[in-house]
Amino acid sequence: MTQKDSGLGPLADGSRVVIIGGGPGGVAAAIALKQGARAMGRDLRVIVVEGKQFAGEQQYNQCAGVLSPPIVDLIERELGVSFPHKLSRSAITGYVLHTARREIVLDGEAGPSIALRRVQFDAYMLDAARERGIEVLCARVTGFELHADRVLIYTESTPLESDVAVGAFGLDEGTAVLFERTVGYRPPSALSSVVTKYHPGEAGMIEFGSRIHAFLPPSPRIEFGGITPKGNHLTINIAGESVDADMMENFLAAPEVRRALPGFDNAGRFDSNDLRYFKGRFPCGLARNFSGDRFVMVGDAAGLVRAFKGKGVTSAILTGIRAANVILREGISARAFQAYHAANRDIIDDLPYGQAMRRLTILAARTGLMDVIVRAAETDSGLRSALFDAVSAHRPYHDVVREGLTLGAVRAVLAAMPAWFRR
């Protein structure tokens with residue numbers, strides 16, 4: 001029997017797709033499916049199932065909410081959705097990288113990144129999906145059955161039948177368990193994060209400036225931290241294998257962090273929303289069995305993100321579009337979804353480099369060698385550029401590794417080594 005005869009070929013007119021998750025990846029897949037099908041003369045019924053209420057900002061998203069190039073072009077050119085510039089809280093022009101003893105300003109040549117509130121962005125994109133004829137069901141998924149001729153998805157409100165299911169549920173543990181039981185899916189390994197905010201006032205925000213401050217503390221449990229300007233406040237986050245509130249308090253007490261926070265020591269009375277902690281997670285590896293007959297995962301659920309630092313929204317949208325293209329052109333079988341894996345080789349092949357950089361950075365921060373690297377970058381432009389690309393995730397990590405291992409960079413590091421031995 002041919003793939004088409006088995007019902008696993010490219011979706012025909014009148015087919016149904018259920019997308020579990022209404023974040024950037026799920027919405028991108030939905031819009032790309034709807035618009036791509038219309039261009040082919042087909043009409044698909046596309047349903048997005050999302051349990052969160054984005055409207056009215058009733059949810060808090062632990063994502064730092066920094067969208068980097070080429071996000072605007074990706075949304076407008078590939079999805080035909082106007083980018084919501086009105087939601088921008090700050091234009092991020094660069095980074096300040098801190099170790100325990102040194103700091104360096106890192107500015108790249110790319111256009112500025114955009115800091116915004118993720119819940120507002122997600123609400124905007126979900127509304128854009130509705131405007132394009134995509135149905136949105138506000139409910140949580142409670143069950144998942146995979147049959148030879150259909151997918152059955154149970155929700156809190158109504159059961160849904162579909163030809164294919166797209167998993168865009170991030171790291172939601174409840175939904176992951178449903179796929180794990182049914183198809184042997186294994187979620188990606190993940191780091192935990194703690195996020196809070198601080199309002200330093202208008203003068204304090206001006207003093208802080210438009211750069212993100214990134215920290216590589218010597219702590220054995222905090223892998224990195226960050227302070228991001230977001231309009232009228234600063235978003236503060238830490239990440240590691242098992243970070244918690246105590247570690248956030250230790251991070252906030254570090255001298256290099258206090259120096260970066262305007263008026264923090266003398267703030268006295270904080271805003272009522274200040275220093276309220278939120279817990280989250282983000283992937284740092286690839287999921288297992290994230291595609292098969294009649295199902296495919298996108299974004300965080302698949303682990304298709306940059307291994308060491310982010311660009312999660314961009315990756316989610318990109319992989320959502322790629323999944324839609326494969327569904328429309330190749331089919332919905334496990335074999336067809338090999339084309340989806342191939343389309344994401346740029347992300348998958350870069351994961352080992354990102355993971356290696358993560359391990360080396362942790363080692364360098366804990367031994368003090370990161371101080372040497374920062375000192376060397378002050379005199380070597382190539383190494384400074386590599387640090388910017390590593391912190392911003394603007395370029396693939398195999399390019400960052402190659403850029404950071406030039407003869408000039410190695411010489412600069414060796415010249416800075418005596419200071420490390422004298423510390």
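Helix α13 (residues 381-392) has twelve residues, and at 1.5 Å a residue these should span 16 Å; its end C-alpha atoms are 16 Å apart, so the two agree. The expected span is 1.5 Å times one less than the number of residues. This is a predicted model, in which local features need pLDDT of at least 70, side-chain atom pairs count only at pLDDT 80 or more, and totals for chains, interfaces and linings use all residues. Residues are numbered from 1 along each chain as its sequence is written, and side-chain values use heavy atoms, with hydrogens and water left out.

Helices (H or I, at least four residues) and strands (E, at least two) are DSSP runs, numbered from the N terminus. At the start of α13, a side-chain oxygen of Asp380 comes within 3.3 Å of the backbone nitrogen of Gly382. After α13 comes Ala393, with a positive phi near 60°.

Now to a helix pair. The axes (lines fitted to C-alpha atoms over the stretch in contact) of α11 and α14 come within 7 Å and cross at roughly 55°. Here are the residues that make the contact (heavy atoms within 4.5 Å):

| Helix | Residues | Contact residues |
|---|---|---|
| α11 | 351-367 | Tyr353, Gly354, Met357 |
| α14 | 397-404 | Tyr397, His398, Val400, Val401 |

Finally, the sheet: three strands form an open sheet in the order β3-β7-β4, with antiparallel pairing. β3 (66-67) and β4 (90-92) stand at the edges with a single partner strand each, so one side of each lacks a neighbour in the sheet. Strands pair if DSSP finds at least two bridges between them; β4 and β7 (residues 113-115) have three. Ser90 stands opposite Ala115 in β7.

Notes. Polar contact = N/O pair within 3.5 Å; in protein donor to acceptor, adjacent residues only side chain to side chain. Axes fitted to C-alpha atoms, helices over the stretch in contact; angles between N-to-C directions.
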